[in-house]
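Have the sequence and the model open side by side for this one.

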Amino acid sequence: TTLFRSTIRKIDERDFLVLISLFKEFALFEKLPEKMTNSVEQMLREKEYLTGFVAVNDADEILGYATYFFGYYTWIGKSLYMDDLYVRPDFRGAGVGTKLIKEVIAFAKAENCKKLRWQVSEWNQPAIDFYKSLGANVDAVESNCDLVF
């Protein structure tokens, strides 16, 4: 796979239109397209909650993104939760995902977080292997409980 030159920067409002299409791509990849109900208008209304990074090429085209938010886990304290890590198919295997997650890890450490948590689908073995290679503990102890309004 060709290595693509990419730069990591914080998500900005100007990214929302492209990001919404990537959110849809990610939902399709996860085999849950019906779950993706977000919109650019909603993102604009809720922009203070949309935090993360984008990987861009020299033309400032988004190759992938990672989103996160702070959480507080009673057993250990302040933590960061990475909601999404997604790289467009054409750019996978080129180090883009690694750059993104390393940026999130560095951010979590700089913010004095005690841990970084995220989820991975049990069928996504390449992602599981990638996360384990970073030193992550991937367990099957807990299940999602979502109450959607």
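What follows is a short tour of the sheet, the cores and the salt bridges.

## Ground rules

This is a predicted model, where local features need pLDDT of at least 70 and side-chain atom pairs count only at pLDDT 80 or more, while totals for chains, interfaces and linings use all residues. Residues are numbered from 1 along each chain as its sequence is written, and side-chain values use heavy atoms, with hydrogens and water left out.

## The sheet

Five strands form an open sheet in the order β1-β2-β3-β4-β5, and the pairing is mixed. Strands (E, at least two residues) and helices (H or I, at least four) are DSSP runs, numbered from the N terminus. Two strands count as paired if DSSP finds at least two bridges between them. At the edges sit β1 (7-10) and β5 (116-117), each with a single partner strand, so one side of each has no neighbour in the sheet.

β4 and β5 run parallel, paired over two bridges. Y81 has R117 in β5 as its bridge partner. Helix α1 (residues 16-29) lies across β2, β3 and β4, at about 80° to β3. For that angle, axes are lines fitted to C-alpha atoms, for helices over the stretch in contact, and angles run from 0 to 180 degrees between N-to-C directions.

## Two nonpolar cores

A nonpolar core here is a set of buried Ala, Val, Leu, Ile, Met, Phe, Trp, Tyr and Cys residues joined through side-chain atoms within 4.5 Å. Buried means under 20% relative accessible area, exposed means over 50%, and partly exposed is in between (1.4 Å probe, protein chains only). The largest core has 22 residues, and F53, L80, M82, L85, V96, L100 and V104 touch the most other members. Two or more residues each come from β2 (51-56), β3 (62-73), β4 (77-87), α3 (96-110) and α4 (125-133). The top contributor is α3, with six residues.

Take L100 as a way in: leaving out residues up to four places away in sequence, L100 touches I8, F53, V54, A55, G64, Y65, A66, L85, Y86 and V87. Contact means heavy atoms within 4.5 Å. There's also a second, separate core of 17 residues, with I11, M36, V40 and M43 among them.

## Salt bridges around R9

Searching the whole structure turns up seven salt bridges, each a side-chain nitrogen of Lys or Arg within 4 Å of a carboxyl oxygen of Asp or Glu. R9, R14, D15 and D60 are linked in a network of them. R9 belongs to strand β1 and is buried at 16% relative accessibility. R9 and D15 meet in a salt bridge at 2.8 Å, N to O, and both residues are buried. R9 also makes a side-chain polar contact with D60 at 3.3 Å; that term covers N or O pairs within 3.5 Å where, within protein, one atom must be able to donate a hydrogen and the other to accept it, and residues adjacent in sequence count only if both atoms are side-chain atoms.

What does D60 form a salt bridge with? The partner is R14, with the closest N and O atoms 3.9 Å apart. D60 is in the loop between β2 and β3 and R14 in the loop between β1 and α1, so the pair ties together parts 46 residues apart in sequence. D60 is partly exposed at 37%, while R14 counts as exposed at 52%.

E13 is in the loop between β1 and α1, K47 in the loop between α2 (40-45) and β2, 34 residues apart. E13 is partly exposed at 41% relative accessible area, and K47 is partly exposed at 39%.
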